Amino acid sequence: MGVVVLRAGPACFARPGPMVASVSQSRIVTGVVVSGTEPGQPQRPPGARGRLQGVGAHVSMAGARVHFWAICALRVALATVYFQEEFLDGERWRNRWVQSTNNSQFGHFRLSSGKFYGHKEKDKGLQTTQNGRYYAISARFKPFSNKGRTLVIQYTVKHEQKMDCGGGYVKIFPADVDQKNLSGKSQYYIMFGPDICGFDIKKVHVILYFKNQYHANKKSIRCKVDGFTHLYALVLRPDLSYEVKIDGQVIESGNIEYDWNLTSLKKMAKSSAEPEDWSQVKEEKAQDWEKHFLDAGASEPSDWNSELDGDWQAPMLQKPPYQDGLKPEGIDKHVWLYQKMRGTSSLMEYDLSEFENIGAIGLELWQVRSGTIFDNFLITDDEEYAENFGKATWGETKGPEREMDAIQAKEEVKKAREEDEEELLAGRFQGRESHFSRFHQQHNEL
């Protein structure tokens, strides 16, 4: 079911203290968080390093600190983190992520922070390495159901190569997915993220699996197309509302029923159980009323002998002839003898955006030009936790990343200018040499 974590309220983030020694002022102060590495393993708070910490660990309870702890304790909330991955332990990621061997031509991933970054170690993620390849890799976690709960899927993606055609989306799979044979044919629950190809396709996919079919959001959601790292988040709520966020900003929202052209099972069950409208009954033919029905009030006579007389059957009564504006006495429009009711088993089915056995996350995509970096994966039921996790990871490195890119761009311009000047000087020298040679040749001919 994931690991429940303690999440401190905003008041606790505003003031530094000894609650979690390894977390800076701008970091999230959390309790025990699930490892993005192995199910059930403890991990450092988002964006921080060091040993396992608990809210209030190493806290001195003397003096004013007691008051500060009391304030924070009142604002502590619960969040469940099902999966979290930041790739902060080097090559150990290979013990958690499984490369599909379904096709020998599948491209390979490596751990890299790219050519420019905000922090060399914190910005390391899974990078595609080969052009013109399909990619398939996944990580498993403890299975859970999000029925009746909010589901947040969040990660960062960086098209450092300036993507021309290829995917940057993730897929959420059932727990029984075959990781070694992962491919485009593998069933998934959710597909979410950017897809770019040429001038026409620059969109964010949001595809949901419902009633054995895949359904795409009918809205056109534009994705980012530059070479910087961007934070993508999908929020699915039990009330069937949803949000798509990029870099912490809501770029699309609405209702799943409307934006996917689907009907909720709850609404279907309600409509099928509702009685037939009386106005429609009036339009029926008169002979529909000339039907017999069992007399529910009759009972077996006391002198009835089943061995001699056979099985007793209630007498049949006849409905009175239909008259416009007159409802048969004793028959209520809300009770029909032969009404076809929806089975109660349908109420146990999983509705839109509800999935029974979520257990893996993966990258299954195609890229013409490689170089994309995927990082900071998170699956949780808490929107605030996801927001704070994004701030503690992407939020801290986005600025330095752009600064490094700007510095590199200036250096490249400077280098190109110097090369042009060298070529120009070389051309002038060659021109003078050629002029001197011609003059010397003419002088010798005289």
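**Group meeting: a walk through the predicted model**

Let me start with Phe-377, which, leaving aside residues up to four places away in sequence, touches Phe-83, Gln-84, Glu-85, Phe-87, Trp-97, Gln-154, Tyr-155, Val-170, Ile-361, Leu-363 and Phe-389, where a contact means heavy atoms within 4.5 Å. Residues are numbered from 1 along each chain as its sequence is written, and side-chain values use heavy atoms, with hydrogens and water left out.

In outline, the protein has eight helices and 21 strands, which are DSSP runs numbered from the N terminus, helices being H or I of at least four residues and strands E of at least two. Of its 446 residues, 42% count as buried, and by buried I mean under 20% relative accessible area, with exposed being over 50% and partly exposed in between, using a 1.4 Å probe and protein chains only. Among the contacts with a separation of 6 or more, 71% are between residues 24 or more positions apart.

At the start of helix 7, a side-chain oxygen of Asp-382 comes within 3.1 Å of the backbone nitrogen of Glu-384.

Let me turn now to an annotated site. Lys-171 sits in strand 11 (residues 170-174) and counts as buried because its relative accessibility is 4%. Glu-364 sits in strand 20 (residues 358-367) and is likewise buried, since its relative accessible area is 9%. What joins the side chains of Glu-364 and Lys-171? They make a polar contact at 2.6 Å, meaning a pair of N or O atoms within 3.5 Å, of which, within protein, one must be able to donate a hydrogen and the other to accept it, and residues adjacent in sequence count only if both atoms are side-chain atoms. Beyond four places in sequence, the neighbours of Lys-171 include Tyr-188, Ile-190 and Met-191, whereas those of Glu-364 include Tyr-135, Tyr-169 and Ser-183.

Tyr-188 leads us to the aromatic rings. The structure holds 17 aromatic pairs, counted when the ring centres of Phe, Tyr and Trp (its six-membered ring) lie within 6.5 Å, with planes under 30 degrees apart called stacked, over 60 edge-to-face and the rest tilted. Tyr-188 and Tyr-214 form a stacked pair, 4.3 Å centre to centre with 20 degrees between the planes. That pair links distant parts of the chain, 26 residues apart, with Tyr-188 in the loop between strand 11 and strand 12 (190-197) and Tyr-214 in strand 14. Tyr-188 is buried because its relative accessibility is 8%, while Tyr-214, at 38%, is partly exposed. Tyr-214 also pairs with Tyr-209, and this pair is tilted, at 5.0 Å and 55 degrees.

Phe-210 has Gln-213 in strand 14 as its bridge partner. Two residues lie between the strands, and in the turn Lys-211 has a positive phi of about 55 degrees. Asn-212, in the loop between strand 13 and strand 14, also has a positive phi, near 65 degrees, although not a glycine, and counts as exposed because its relative accessibility is 66%.

Notes: Predicted model: local features only at pLDDT ≥ 70, side-chain atom pairs only at ≥ 80, totals over all residues. Pairing = 2+ DSSP bridges.
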